[in-house]
Amino acid sequence: MADESYETPNPLLQDRPADLKDVDVKPTIIRAGDPKLPIDFQGEINAVVSFIVTREGRPIGPHIDKTNHPEYNPLVLSFVNTFEFNPAQYDGESVAVRVTLPVNLSN
């Protein structure tokens, strides 16, 4: 006979990233590096970047979903990799979560 008291482990506390809508506390950026735009750059870089924020608050696997200056994608990705976050929380535990953020850079 099956044990009726057995609970299925919560998938948000496993290794796969959660959806942002499923967490109790969203991740927040606590530190970001200098984007290092070229001195002669005029205008603004507007990008939308998706990535995972780990339980430790680090971004992994960033990719650009949309941008107005694709020639600067490596710079935007490098900038995103400098981010540090307070990680997302679910039920009092840090969890990895998928996020999509706008990144706007200008001189």
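## Nonpolar core and aromatic pairs

The largest nonpolar core holds 24 residues, and Ile 45, Val 49, Phe 51, Val 76, Val 103 and Leu 105 have the most contacts inside it. Such a core is a set of buried Ala, Val, Leu, Ile, Met, Phe, Trp, Tyr and Cys residues joined through side-chain atoms within 4.5 Å; buried means under 20% relative accessible area with a 1.4 Å probe, protein chains only. At least two core residues come from each of β2 (44–53), α1 (73–80), β5 (88–90) and β7 (97–106). The largest share, five residues, is that of β2.

The model is predicted: local features need pLDDT of at least 70, side-chain atom pairs count only at pLDDT 80 or more, and totals for chains, interfaces and linings use all residues. Residues are numbered from 1 along each chain as its sequence is written, and side-chain values use heavy atoms, with hydrogens and water left out.

The chain has one helix and seven strands, in the order β-β-β-α-β-β-β-β. Helices (H or I, at least four residues) and strands (E, at least two) are DSSP runs numbered from the N terminus.

Four aromatic pairs are counted. Rings of Phe, Tyr and Trp (its six-membered ring) pair if their centres lie within 6.5 Å; planes under 30 degrees apart are stacked, over 60 edge-to-face, the rest tilted.

| Pair | Centre distance | Plane angle | Class |
|---|---|---|---|
| Phe 41, Tyr 72 | 5.0 Å | 80 degrees | edge-to-face |
| Phe 51, Phe 85 | 5.9 Å | 50 degrees | tilted |

Phe 51 lies in β2 and Phe 85 in β4 (residues 84–86), so their pair ties together parts 34 residues apart in sequence. Both Phe 51 and Phe 85 are buried. Ring pairs link Phe 51, Phe 79, Phe 83 and Phe 85 into a cluster.

Definitions and conventions: Buried means under 20% relative accessible area, exposed over 50%, partly exposed in between (1.4 Å probe, protein chains only).
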